[in-house]
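Hi there,

Here is the structure I promised to pass on to you. Have a look at it first, and then read my notes below.

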Amino acid sequence: MLQTHIIGILLCVAGTYALYDSSSDVVDLTPSNFDRLVTNSEEVWIVEFFAPWCGHCKNLVPEYKKAARALKGIAKVGAVDADQHKSFAHTYGVSGFPTIKIFTGKKHSPYQGQRNAEAFIDAALKAAKEKAYDALGKKPSGSSSDKSDVITLTDSNFKELVLDSDDLWLVEFYAPWCGHCKNLEPHWAKAASELKGKVKLGALDATVHQVMASRYQVQGYPTIKMFASGKKTSDSVEDYNGGRTSSDIVAWALDKLAENVPAPEIIQVVNEESMKACAEKPLCVVSVLPHILDCGAACRNDYLAILARLGDKYKSKMWGWVWAEAGAQTALEEALELGGFGYPAMAVVNAKKLKFSTLRGSFSETGINEFLRDLSFGRGQTAPVRGAEMPKVVSTDPWDGKDGELPPEEDIDLSDVDLEKDEL
């Protein structure tokens, strides 16, 4: 009796953390059954990597269940508790929740559509169509699969694109007739898509562009070299020694990115050019600091030091970091609903999706870190940017690093003022 009671309690506890119960058509995937059911299978799979506490994951459940039910007999739909199986999820480049991938055997690619049942069904059918045509040795009509995020490199553009850039690059030196290069090609393309905006992947035909191939001592194919982020020197190049699947490439690149990416500059918003740090990044951390007359140079520098330390901590996220003085960019403050609680204030904005999240806790290293950590895991409330567009920035003078000075008081000549006694 006691044993039955204990089992019941355990089942109850487990159920509180599961997003998909046994009656659902969504298959519960774990490291122990993943290869057997997914990667060693001939079927098309949509796989969600989730965390039970993730709000976006919970919101996804109804649509994901609908897709699983509709795709029964056509494609498989599964889910992995990535919070419970962290190391396993990391092997597939999972860094946020939910992460959704399309698997066809050992091949997989990131799902990039909307999060509703219709979009999931379309993605599964597209993958099944591509799989069938691949068996024929052809590409489906109207397919965009030939479009790749891999950048074509040559002897003439290598210096400009790779060596003169601040980006971290992985470059494949290949030969068109090389069998191993052909096997690598789809994995290289998928890795380039997954790493877009973080790491650049290029390919150079070493049989044609022999100057660069000789410079980097390419003797076999494919040869993969990494060029570190920041200013490039002769020591910036390193041999790639990871695996040859897209997940291997992504995991290796992200590890190197964390090691090599420089800390972001904390840019003062003084003109439209300074806001490019927001427009060109996946997310942008916007701070509004007190007016220099309310918080002197030492006070402001303390705030900027906090932002610099956190910028370095989250540098692998490739976020933008900007700040403005209170009252200097009122349109920006209004669009992100900043300033109503006083200064300093902070919001994180996605300039492409025009959504933002506001710091509600303390503007301290601990408070900001908790806020950014939650955002990086997909937690936190968002709101649309007011006006449905990024606000215009007015041109102002940058801070000179000094304390503020009050404007000189004007002397008032009282000799011409006739004051009656009753006015005193």
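**After β16, and elsewhere**

Let me start at Ala-388, which sits in the segment after β16 (383–384). Please keep in mind that this is a predicted model. Phi of Ala-388 is near 55°, a positive value in a residue other than glycine. Ala-388 is also exposed, with a relative accessible area of 57%.

Glu-337 has a positive phi too, near 55°. You will find Glu-337 in the loop between α12 and β14, and it is partly exposed, at a relative accessible area of 33%.

That loop, between α12 (330–335) and β14 (345–350), holds Pro-344 as well. The peptide bond joining Tyr-343 to Pro-344 is cis, with omega about 5°. Another cis bond runs from Tyr-221 to Pro-222, where omega is near -10°; Pro-222 lies in the loop between α8 (210–215) and β9 (223–227). For context, most peptide bonds are trans, and most residues other than glycine have a negative phi.

Now for a pair of helices. The axes of α11 (residues 297–313) and α13 (residues 365–376) come within 10 Å and cross at roughly 35°, and the crossing is right-handed. From α11, Ile-306, Leu-307, Arg-309, Leu-310 and Lys-313 meet Glu-365, Ile-368 and Asn-369 of α13. These residues divide into four nonpolar, one polar and three charged.

As for the whole protein chain, it has 13 helices and 16 strands, and buried residues make up 43% of its 424 residues.

Enjoy exploring!

Best wishes

Terms used. Residues numbered from 1 in each chain as written. Predicted model: local features only at pLDDT ≥ 70, side-chain atom pairs only at ≥ 80, totals over all residues. Heavy atoms only, no water. Helix = DSSP H or I, 4+ residues; strand = E, 2+ residues; numbered from the N terminus. Buried < 20%, exposed > 50% of the residue type's maximum accessible area, 1.4 Å probe, protein only. Axes fitted to C-alpha atoms, helices over the stretch in contact; angles between N-to-C directions. Left-handed = near helix turned anticlockwise from the far one by under 90°. Contact = heavy atoms within 4.5 Å. Nonpolar A, V, L, I, M, F, W, Y, C, P; charged D, E, K, R; others polar.
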